[in-house]
Amino acid sequence: MHLRDQTIFALSSGRAPSAIAVVRVSGPQASAVLTALAGRLPAPRQASRRLLRDGAGEPIDDAVVLWFPGPGSATGEDVAEFHVHGGRAVLVALFAAISLIPNSRAAEPGEFTRRAFENGKLDLTEAEGLDDLIHADTDRQRRQALRQLEGLLGNRARDWRERIIEASALIEAGIDFSDEGDVPAELMAPAVHAIGALHDEIAKVLAAQGRSERLREGIVVAIAGEPNVGKSTLMNQLARREVAIVSPHAGTTRDVIEVQLDLDGYPVTVIDTAGIRETDDPVEQEGVRRARARAEDADLVLWLVEAEQVVDPDAMRSLRKSGDDHQSGGPVWIVRNKIDLGFEARSPGEFAISASRGDGIPALVDALIKFAAEFFGTSEGALVTRARQRELLGQARDSLRRSLDLVEEGEELAAEELRSAAYALGRLLGRVDVEDVLGAIFQKFCIGK
């Protein structure tokens, strides 16, 4: 029996113990599972209270059960749900009882969602949106993921693909009636117009996305500087809890410490790095190397110095990646610490704080929020949320452009490029040749989703 013909089950709620646990069952044996444990099937989509019993007739739990006959279910298959008390012993007994039903097995990560995709309940962009929604840490991530789950990109892509197929049909009809005088010309004109409009729409979407796919991972802000300037204290202030050890001894931080922040809905990873200095200690040397590497890759570096310290421009430049004739990477902000010791003034573009007392921290956080807003740009209404989506839309746009360029050279060549554009959008939706990406996407889901 093929794996997809087997009935799967899994815990679909939080980890035990919990007040209530939800166990889902999907597949052709779902009705047999529900009947065996609950006695009989409840009315479809209506909650029913039942005493669950195992194969020996021993009670398992007093539970609520639901029955969703396919194809009117989340997966498109017959689905049963058991809402039980969330103790570990209850779940162990329930899983054991379900496992006794022939052709039933524990689900693999993402298998419920993959079956929903394979049964046409959602396309690949919606599945990706569901994955993003599960892993969303901030409100902006949640809203972006929910838009994808509701078909924001998928609906547009289906419309584009249908219009490409219509334009392709006109061109191919012109090829079939090439000996009918003015018939090909009458068919080509609307086809060319449609192709041009499609190209412009997709190009406009791609141009307006900014860094929208980065909202899934967020931006990285590195706190860097020499030893004992207050980097760990600043880290704790931003995190509003003690995540880094604060010590008067130089070289305390030997490794990179990370904390995830939600700044006005923007996901921000702040990293506290080892103090950058020359040292003979091999462990601290490795910490300095890692600090430089993480700062080079960061989207923003907060270069922390003591209030009246002279800033070394060479040390700051060393934190950015160097090319042949230029340096790349995000900006470096100068943050002057320990203003509680009497230093008040600062140069334009610099920040003055007291990491120990919290002075100036709100202004620095506001600046970080503004930086994140500018970094992500128009992500609030973005269609594209993954590099895969951007790449396939780019392929469709380029194929449409080539189709327009080839119309004068031959309708057959233009029609082939239209097929390529439709194929790229089909891959975007997961309807053609995407077996290579399905495993990579669905294996990241939770078991039970």
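User: Taking buried to mean under 20% relative accessible area, exposed to mean over 50%, and partly exposed to mean in between (1.4 Å probe, protein chains only), is S168 buried or exposed?

Analyst: This is a predicted model, in which local features need pLDDT of at least 70 and side-chain atom pairs count only at pLDDT 80 or more, while totals for chains, interfaces and linings use all residues. Residues are numbered from 1 along each chain as its sequence is written, and side-chain values use heavy atoms, with hydrogens and water left out. S168 lies in helix α6 (residues 152-176), where helices (H or I, at least four residues) and strands (E, at least two) are DSSP runs numbered from the N terminus. The relative accessibility of S168 is 9%, which is why S168 counts as buried.

User: Leaving aside neighbours within four places in sequence, which residues are in contact with S168?

Analyst: A contact is taken here as heavy atoms within 4.5 Å. Once the neighbours within four places in sequence are set aside, the residues in contact with S168 are A415 and L418.

User: What percentage of the residues of the chain count as buried?

Analyst: The chain contains 14 helices and 14 strands, and it exposes about 21500 Å², of which carbon and sulfur atoms supply 51%; these areas come from the Shrake-Rupley method with a 1.4 Å probe, and for residues only the protein chains shown count as cover. Among contacts in the chain with a separation of 6 or more, residues 24 or more positions apart account for 65%. Of the 449 residues, the share that counts as buried is 49%.

User: Why is α8 described as largely enclosed by the rest of the structure?

Analyst: The buried residues of this helix are K231, S232, T233, L234, M235, N236, L238 and A239, and what covers them includes β7, β8, β9, β10 and α11. The helix is followed by R240, whose phi is positive, near 60°. The reason α8 is largely enclosed is therefore the number of its nine residues that are buried, namely eight.

User: Which residue in β10 is the bridge partner of A222?

Analyst: All seven residues of β7 are buried, with I219, V221, I223 and G225 pointing one way and V220, A222 and A224 the other way. Five bridges join β7 to β9 in parallel, whereas β9 is joined to β8 by seven bridges and runs antiparallel to β8. β7 also pairs with β10, in the parallel sense over five bridges. In β10, the bridge partner of A222 is V301.

User: Where does UniProt place the "binding site" feature that includes K121, and what is the relative accessible area of K121?

Analyst: The unreviewed UniProt entry places this feature at R24, E81, K121 and K449; UniProt positions are given in the numbering used here, feature names are shortened, and annotations may be inferred rather than shown by experiment. K121 lies in the loop between α3 (111-118) and α4 (124-134). K121 is partly exposed, with a relative accessible area of 39%.

User: How far does the backbone oxygen of P71 lie from a polar atom of the side chain of K121?

Analyst: Leaving aside neighbours within four places in sequence, K121 is in contact with P71, G72, S73, A74, T75, G76, A116 and E126. A polar contact is a pair of N or O atoms within 3.5 Å; within protein, one must be able to donate a hydrogen and the other to accept it, and residues adjacent in sequence count only if both atoms are side-chain atoms. Between the backbone oxygen of P71 and a polar atom of the side chain of K121, the distance is 2.6 Å.

Definitions and conventions. Pairing = 2+ DSSP bridges.
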